[in-house]
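Open the model in your viewer and keep the selection tool ready. Each stop below says what to pick and what is there.

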Amino acid sequence: MKRRDTIINNAEALAFKIEGHKVIAENCNSGLEIIDLHERMIILVRETSEVLKEVDVSDNYLNQFEQQISDVSTAFPFLNQIDNPDFVGENNRDSLRLTILGSRANLNAGRRQKLSATPDLSGSVLPLCLIPNSALKSAPPFKSVMPKASA
């Protein structure tokens with residue numbers, strides 16, 4: 001099995017698990033915002049899977065997709081409990097809801113984009129510097145742009 005096929009299978013399995021996690025969230029009365037986040041993540045994971053099926057992508061993109069699938073899976077705390085029908089009960093419903101609500105920050109924040117084309121390769125964005133206005137007024141002009149003296 002090719003690496004791309006493995007990533008597609010992992011994405012499809014993750015979408016299925018998120019659907020199960022959504023049922024847990026519904027059973028805990030987590031609210032419409034949480035349910036909506038689950039639905040959006042299911043759509044995104046399935047779209048990623050479809051793109052991978054249709055387009056032959058480079059290893060760099062495969063690495064990115066693999067990392068994003070891993071990141072998404074960590075945002076759902078009870079993915080491994082979706083096959084346990086007795087997981088949500090009267091005794092633990094409130095604590096489960098609080099845990100799910102706490103994971104909302106992970107879903108909303110996502111991963112910070114790392115820019116690779118920065119001068120220091122740190123990924124940090126430098127402050128805006130407009131080239132024509134960047135030099136101090138008191139700085140001498142560059143010799144290459146000084147007007148030539150007419151003879």
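**Stop 1: a serine to start from**

Select S103: it is buried, with a relative accessible area of 7%. Buried means under 20% relative accessible area, exposed over 50%, and partly exposed in between (1.4 Å probe, protein chains only). S103 sits in helix α4. Helices here are DSSP runs of H or I with at least four residues, strands are runs of E with at least two, and both are numbered from the N terminus.

This is a predicted model, in which local features need pLDDT of at least 70 and side-chain atom pairs count only at pLDDT 80 or more, while totals for chains, interfaces and linings use all residues. Residues are numbered from 1 along each chain as its sequence is written, and side-chain values use heavy atoms, leaving out hydrogens and water.

Show the polar atoms around S103. Its side chain reaches the backbone oxygen of I100 at 2.6 Å. The backbone oxygen of A75 lies 3.5 Å from a polar atom of the S103 side chain. Such a polar contact is a pair of N or O atoms within 3.5 Å; within protein, one must be able to donate a hydrogen and the other to accept it, and residues adjacent in sequence count only if both atoms are side-chain atoms. Leaving out residues up to four places away in sequence, S103 touches A75 and P77. Contact means heavy atoms within 4.5 Å.

**Stop 2: the whole chain**

Zoom out and colour by secondary structure. How many helices and strands does the protein have? There are 4 helices and 0 strands. From the N terminus on, the order is α-α-α-α. Of the 151 residues, 27% count as buried.

The protein exposes about 11000 Å², and carbon and sulfur atoms supply 55% of that. Accessible areas come from the Shrake-Rupley method with a 1.4 Å probe; for residues, only the protein chains shown count as cover. Among contacts between residues at least 6 apart in sequence, 73% join residues at least 24 apart.

**Stop 3: helix α3**

Select residues 59-74. At 1.5 Å a residue, the 16 residues of α3 should span 22 Å, and the end C-alpha atoms are 23 Å apart, which agrees. The expected span is 1.5 Å times one less than the number of residues.

Next, pick L62, F65, I69 and V72, which are buried in α3. Look down the axis: the buried residues fall within an arc of 95°, so they line one face of the helix. That arc is taken from the directions from the helix axis to the C-beta atoms. These buried residues pack against α1 (3-27) and α2 (32-54). Turn to the face pointing away from the buried side, and you find the exposed residues D59, N60 and T74.

**Stop 4: helix α2**

Select 32-54, the span of α2. This helix has 23 residues and reaches 33 Å from its first C-alpha to its last, close to the 33 Å expected. Its buried residues include I34, I35, H38, V45 and L52.

**Stop 5: the cores**

Which residues have the most contacts inside the largest nonpolar core? Select I7, L14, I18, V45, L52, V72 and F76; the core has 18 residues. A nonpolar core is a set of buried Ala, Val, Leu, Ile, Met, Phe, Trp, Tyr and Cys residues joined through side-chain atoms within 4.5 Å. α1, α2 and α3 each supply at least two residues of this core. α1 gives the most, with 6 residues. A second, separate core of 11 residues includes I34, I35, F78 and L96.

Centre on I7. Leaving aside neighbours within four places in sequence, I7 is in contact with L52, L62, F65, E66 and I69.

**Stop 6: a lysine in α1**

Pick K22 in helix α1. Is K22 buried or exposed? K22 is buried, with a relative accessible area of 19%. Beyond neighbours within four places in sequence, K22 is in contact with I35, H38 and E39.

**Stop 7: two loop asparagines**

Go to N29, in the loop between α1 and α2. At 54% relative accessibility, N29 counts as exposed. Its phi is near 55°, a positive value in a residue other than glycine. Most residues other than glycine have a negative phi.

Finish at N92, in the loop between α3 and α4 (93-109). N92 counts as partly exposed, at 22% relative accessibility. Its side chain reaches the backbone oxygen of F87 at 2.8 Å.
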